[in-house]
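User: I'd like to learn how to read pockets in a protein model. Could you walk me through it?

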Amino acid sequence: MTEIHRPKTAAAGVTGVRVALQRSLSSMGISRSARTLLRVNQIDGFDCMSCAWPDPDPEHRHTAEFCENGAKAVAEEATKRRATPDFFARHSIAELDGHDERWLGEQGRITQPMVKRPGGSHYEPIEWDAAFTLIGEHLNRLGSPDEAIFYTSGRTSNEAAFVYQLFVRAFGTNNLPDCSNMCHESTSIALAESIGIGKGSVSLRDVYDAQCIVIAGQNPGTNHPRMLQALETGKRRGAKIIAINPLREAGLVNFRNPQKPRGVVGKGTDLADLHLPIRVNGDLALFQAIGSLLVEWDALDHDFIEAHTHGFEAWAEHVRNVDRLVVEQATGLTWAQITEAARMIAASDATIYCWAMGLTQHRNAVATIKEVANVALVRGDIGKRGAGLCPVRGHSNVQGDRTMGIWERPPDHFLDALQAEFGFDPPREHGFDTVDAIRALRDGRASVFVGLGGNFIHAAPDTPVTRRALESAALTVQISTKLNRSHLSCGDTALILPTLGRTEKDVQASGEQFVSVEDSMSAVHASRGPLAPASPYLRSEVAIVTGIAHATLGDRHGIDWPSFAADYSRIRGHISRVVRGCDDYETKVDRPGGFVLPHPPRDRREFPTDSGKAEIAVSPIDVVQVPDGHLLLQTLRSHDQFNTTIYGDSDRYRGIENARNVVLVHPDDIAALGLVADQPVDLTTRWEDDDVQRVVRDFRVVPYETPRGTAAAYYPEANPLVPLDSTAVGSNCPASKSVVIRVLPAGEVDRPGA
Ligand SMILES: Nc1nc2c(c(=O)[nH]1)N[C@H]1C(S)=C(S)[C@@H](COP(=O)(O)OP(=O)(O)OC[C@H]3O[C@@H](n4cnc5c(=O)[nH]c(N)nc54)[C@H](O)[C@@H]3O)O[C@H]1N2
Ligand SMILES: Nc1nc2c(c(=O)[nH]1)N[C@H]1C(S)=C(S)[C@@H](COP(=O)(O)OP(=O)(O)OC[C@H]3O[C@@H](n4cnc5c(=O)[nH]c(N)nc54)[C@H](O)[C@@H]3O)O[C@H]1N2
Ligand SMILES: [Mo]
């Protein structure tokens, strides 16, 4: 039964520590837990796979440099449970598909390569070489390389990502969609246009030195808990914190630092000085209003604007005309609240602007993020100590994968370098991103799908459409650690290729290997797993990718694929010559703490845009219109999941226990809709571009402090409501935080065919 408690105000503390230990002990046992957890984020250890928040300098690391949710992620991978061929023989695919995502994950690590043959009802074991040959045959039979899609999830190491994109381009396509297309793509596009590089401009030290920190559309208490420690340090040194979020998320409000005895049991630190409970999708209007006040007060860095920016006058003219009523309506905030936030920014000589999915997953996301950049630029808050733009990435190596060339729209300089290094002509035409890949599969323009990690079906929008798209493929290949939905809605022929995870030792012909990763602040470093592999049959991602490449291409273009798998330093040699900023990669990456990639705006206030200056862009205020009787739904993460991997049913900080099929609605809206708390309801989407009935059934209504007219539900359960074509302008990122819905008593929506 759904249990609803008062939402918590403080994050972490003693419960966080207890939960972390319980989870680890129950899936790993005592000695394995100790061996693993003490190596997380240590110099000679492995990079935690739960988020991309950076690690402190080597001399400032704690013995326990992980958080509750990091411990859950480690336990999930280092579990002692196994899904063996025997398991797959006992359960048909149809039967497995009847279980939820949590149950699938609980079956443990997959131990051997498995295949489902055309018409087959079960997965059965297959030898590695036979699996590679099968893939090579399928790929080489295609009419064009563009009929294959090569997806990547952001856990993949730099080495695996580099050989993967090399293989895909040597094969002849740029069809390299990745999870970033559903995540920070809007950031990458907006920042590339504004400041000339799609990455954030701050370091951890800047967070400690900031005078003001803005946190918009992010829930760090759950998704980046180690960020709270950095915020606490910044706060202790005098920073003011502004939280912009429809919800009063626990970690943003108060934090009990589990690294300190006082924090485990004590009162904790009040983090946010100001919380703006903004309406979902209101941030573009908010940042424009803040801009208008800064102009009105002349709280501007004129020297910076003069020397480094372009477009200021047009923008100033635009924001001077911002209509207060429109802003108040769009944001649900009072002008006084907005003025207070603007005053705090105006009073600070160094402000950091952080954001995550609450800003990126809207139709107007690119414009919104450019508006955040505008505020930073007119304040001169970039390329200076304690200030800058700080998009907080999700997957632990999603930024590194992009650096290594996992990108459906690779820049010419990258392809030129690839050509010079390997001597073949890489394809120049852009490939499919995630949404276009689904369309191509749906429409029969693609028939092979390879997933390097991830859970495409439950991560992508419009679940039934994505499911049918994948099922229509001739071949689907999933390189995975654990069972998930994407193994069950599969192609005619389907392969599961089980891989080593970050926690495991990776021994190849030349000896023990390490891999490298890049965090959200462009720091690149080595990662080494301490544990014995979950099964002797597992192969590393590098070995699997190069195995597929060799079976498909042989020695075409003279690339010696097996030599890459034998010794990863050979891959790093190529990386050092192909990827900008990675010269001398082998040495730099293995130094304690690694190295930081160049970032011209951060390092020298240089902006590699066409004009050579930072672009201050003008965007009209464009806000999603919500008709009467409808709500604007955001889909978000509970405290007990990692993306599509569900650890449990406890969204502890929000006080919601034992239920995931819930919709959080303001009590007055519940009454206005004629509903009552805990009532079973169906949710439907209002989307006029097609006549598809999108619905999820048997959800419960939970009264929750969210702005009037807005609602929240968990991802991935709510993904069937997100229309495939509802994406951010400019980045094509699914607008999974701007879904216009109706909440109806259960059973009132027609069942198809009923
Ligand atoms: N434990 C754990 N850690 C994770 C993950 C995980 O699933 N579990 N996922 C990883 C990944 S891939 C990512 S991308 C990150 C995600 O990290 P977050 O971006 O923190 O993840 P979400 O749960 O999507 O939370 C979005 C936040 O934005 C707010 N929000 C929603 N709409 C709006 C809006 O219109 N305006 C504003 N201002 N706020 C809004 C929501 O209330 C919520 O607090 O976390 C990474 N780390
Ligand atoms: N509605 C809605 N949809 C969303 C979002 C949202 O907020 N709302 N968020 C979006 C975001 S931000 C993201 S990043 C995507 C996430 O999309 P994905 O990255 O595709 O999804 P994950 O759930 O992180 O993938 C989990 C699977 O990865 C595999 N795996 C785990 N570790 C490893 C490893 O080391 N190697 C390999 N090869 N496989 C491994 C396991 O089999 C596991 O089942 O979802 C997006 N979808
Ligand atoms: Mo993400």
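Predicted model: local features only at pLDDT ≥ 70, side-chain atom pairs only at ≥ 80, totals over all residues.

User: Which residues lie nearest the centre of the largest pocket?

Analyst: Its lining counts 31 residues, and Gly196, Ile197, Gly198, Trp407 and His413 lie nearest the centre. The elements that give two or more residues to this lining are α9 (185–195), α22 (398–403) and α23 (412–422). The largest share, five residues, comes from α9.

User: Why does the largest pocket lie between domain 1 and domain 2?

Analyst: Domain 1 (109–180 + 397–592) and domain 2 (185–392) both give residues to the lining, so the largest pocket lies between them.

User: And what is the volume of the second largest pocket?

Analyst: For the second largest pocket the volume is about 790 Å³. It is lined by 36 residues, of which Asp55, Pro56, Asp57, Leu204 and Tyr208 are the closest to its centre.

User: Which element gives the most to the lining of the second largest pocket?

Analyst: That is α12, with six residues. Elements that supply at least two residues each include α10 (204–209) and β22 (523–527). The lining of the second largest pocket has twelve nonpolar, ten polar and 14 charged residues, and it draws at least three residues from each of domain 1 and domain 2.

How values were computed:
Residues numbered from 1 in each chain as written. Chains lettered and ligands numbered in written order. Heavy atoms only, no water. 1 Å grid on protein atoms, 1.4 Å probe; cavity = no way out; pocket = protein on both sides within 12 Å on 5 of 7 lines; lining within 4 Å. Helix = DSSP H or I, 4+ residues; strand = E, 2+ residues; numbered from the N terminus. Domains from an automatic or database assignment. Points joined across faces, edges and corners; volume = space filled by probe spheres on them. Nonpolar A, V, L, I, M, F, W, Y, C, P; charged D, E, K, R; others polar.
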